[in-house]
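Biologist: Please take one part of this model and go through it closely, residue by residue, with the cut-offs behind each term.

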Amino acid sequence: MAYDSISGLKGSSKEYRLHEDVKRYTLRDNGFQETKTGNFQYFRNVNALNSTQGIMLKILVSKDLETLRMSTTTANGLKTLEVYGKDSMQTVVENIEYILEGLVTEKVLEEV
């Protein structure tokens, strides 16, 4: 999966891009971790409370702060999952939307 200037989650109608004012410290302040190569990554568990599945929200930002990619994955991050459109994943979708709304509020992302 390549980095793009606009990215969204599989099955979702919403797409996001990095906010024009985003800085490295803004990413760190909002839970992103810098990798050895200088990119930034965000991993958050978005499971329902009683769920045994490990579902993670994964956002990767390039080191030049121009491109990103987003996905929902298994707990180990190896398999991409589609959570939108499934009744059993409604709580997971709500958790994802809450996180993304917070990142928009903090001017990390902006909805396209």
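Modeller: Leucine 65 lies in the loop that joins strand 5 (55-61) to strand 6 (68-74), where helices (H or I, at least four residues) and strands (E, at least two) are DSSP runs numbered from the N terminus. This is a predicted model, in which local features need pLDDT of at least 70 and side-chain atom pairs count only at pLDDT 80 or more, while totals for chains, interfaces and linings use all residues. Residues are numbered from 1 along each chain as its sequence is written, and side-chain values use heavy atoms, with hydrogens and water left out.

The phi of leucine 65 is near 60°, a positive value in a residue other than glycine. Most residues other than glycine have a negative phi. Leucine 65 is also buried, with a relative accessible area of 16%; buried means under 20%, exposed over 50%, and partly exposed in between, with a 1.4 Å probe and protein chains only.

Leaving aside residues up to four places away in sequence, phenylalanine 32 touches, among others, Phe40, Ile59, Val61 and Leu103, contact meaning heavy atoms within 4.5 Å.
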